[in-house]
Amino acid sequence: MAEEQMDLETRIIQDIHSKEIDLVNRDPKHINEDVVKVDFEDVIAEPEGTYSFDGVWKVSYTTFTVSKYWCYRLISTLLGVPLALLWGFIFACISFCHIWAVVPCIKSCLIEMQCVSRIYSLCVHTFCHPVFAAFGQIFSSIKVALRKEA
């Protein structure tokens with residue numbers, strides 16, 4: 001029974017690090033839906049009355065589409081893995097700083113602020129409350145009457 005539990009835990013840990021990736025839908029959370037989805041019609045357009053030859057338009061469309069496709073593939077082949085390594089390192093550093101520095105610092109400040117807030121509350125109730133209560137008693141007998149003169 002204990003071996004089955006250990007085997008299951010080992011498989012879960014392995015699944016986290018080697019989970020299956022979807023090669024068909026490469027943007028499942030749609031983070032690049034509107035940003036980099038650029039087609040020929042989004043970049044080049046001829047207004048009515050200034051048309052080029054149909055052959056030029058077709059060759060321009062094909063050239064744009066194919067060159068964008070292959071340039072992206074070439075650049076991603078050359079720089080994809082190094083940039084993935086860089087971004088993995090950067091996000092690991094951010095996670096490390098957040099886990100080991102930011103959250104403990106915030107918790108420490110909250111603990112200290114709780115102590116300071118108790119002292120502040122005690123001072124307000126001890127010194128300010130009687131003064132303001134006395135002013136309230138002094139000014140409570142003042143009556144204001146508004147008259148409208150015509």
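This report describes the fold, surface, aromatic contacts and cysteines of a predicted model.

**Overall architecture**

The secondary structure of the protein consists of three helices and zero strands. Read from the N terminus, the order of elements is α-α-α. Helix α1 covers residues 2–17 and helix α2 covers residues 40–43, while helix α3 spans residues 54–139. The loop between α1 and α2 contains H30. The phi angle of H30 is near 55°, a positive value in a residue other than glycine.

**Surface and burial**

Of the 150 residues in the protein, 1% are buried. The accessible surface amounts to about 14700 Å², and carbon and sulfur atoms account for 68% of that surface. A nonpolar patch on the surface is formed by L74, I75, L78, L79, L83, L86, W87, F91 and I94. Together, these residues present about 920 Å² of accessible area. One of them, L86, is located in helix α3. L86 counts as partly exposed because its relative accessibility is 41%, which falls between the 20% limit for buried residues and the 50% limit for exposed ones.

**Aromatic contacts**

Seven aromatic pairs are found in a search of the whole structure. Among them is the pair of Y69 and W70, which is edge-to-face, with 5.2 Å centre to centre and 90° between the planes. Y69 has a relative accessibility of 40% and therefore counts as partly exposed. Another pair, F135 with F139, is stacked, with 6.2 Å centre to centre and 15° between the planes. F135 and F139 are separated by about one helical turn, because they lie four residues apart in helix α3. F135 is partly exposed, its relative accessible area being 40%.

Ring pairs also link F40, W57, Y61 and F64 into a cluster.

**Cysteines**

A search of the whole structure finds zero disulfides. A disulfide is a covalent bond between the sulfur atoms of two cysteines.

| Cysteine | Residue with nearest cysteine sulfur | Distance |
|---|---|---|
| C105 | C109 | 4.4 Å |
| C128 | C123 | 8.4 Å |

Why is C105 in no disulfide? The nearest cysteine sulfur, that of C109, is 4.4 Å away, whereas a disulfide requires sulfur atoms within 2.5 Å. For C128, the nearest cysteine sulfur belongs to C123 and lies 8.4 Å away, and C128 is likewise in no disulfide. C105 has a relative accessible area of 46% and is therefore partly exposed. C128 also counts as partly exposed, because its relative accessibility is 33%.

Conventions. Residues numbered from 1 in each chain as written. Predicted model: local features only at pLDDT ≥ 70, side-chain atom pairs only at ≥ 80, totals over all residues. Heavy atoms only, no water. Patch = residues over 30% accessible without salt bridge, like charges linked within 9 Å, V, L, I, M, F, W, Y side chains within 5 Å. Areas by Shrake-Rupley, 256 points an atom, 1.4 Å probe, with all protein chains shown as cover. Salt bridge = Lys/Arg side-chain N within 4 Å of Asp/Glu carboxyl O. Helix = DSSP H or I, 4+ residues; strand = E, 2+ residues; numbered from the N terminus. Buried < 20%, exposed > 50% of the residue type's maximum accessible area, 1.4 Å probe, protein only. Phe/Tyr/Trp six-rings, centres within 6.5 Å; stacked < 30°, edge-to-face > 60°.
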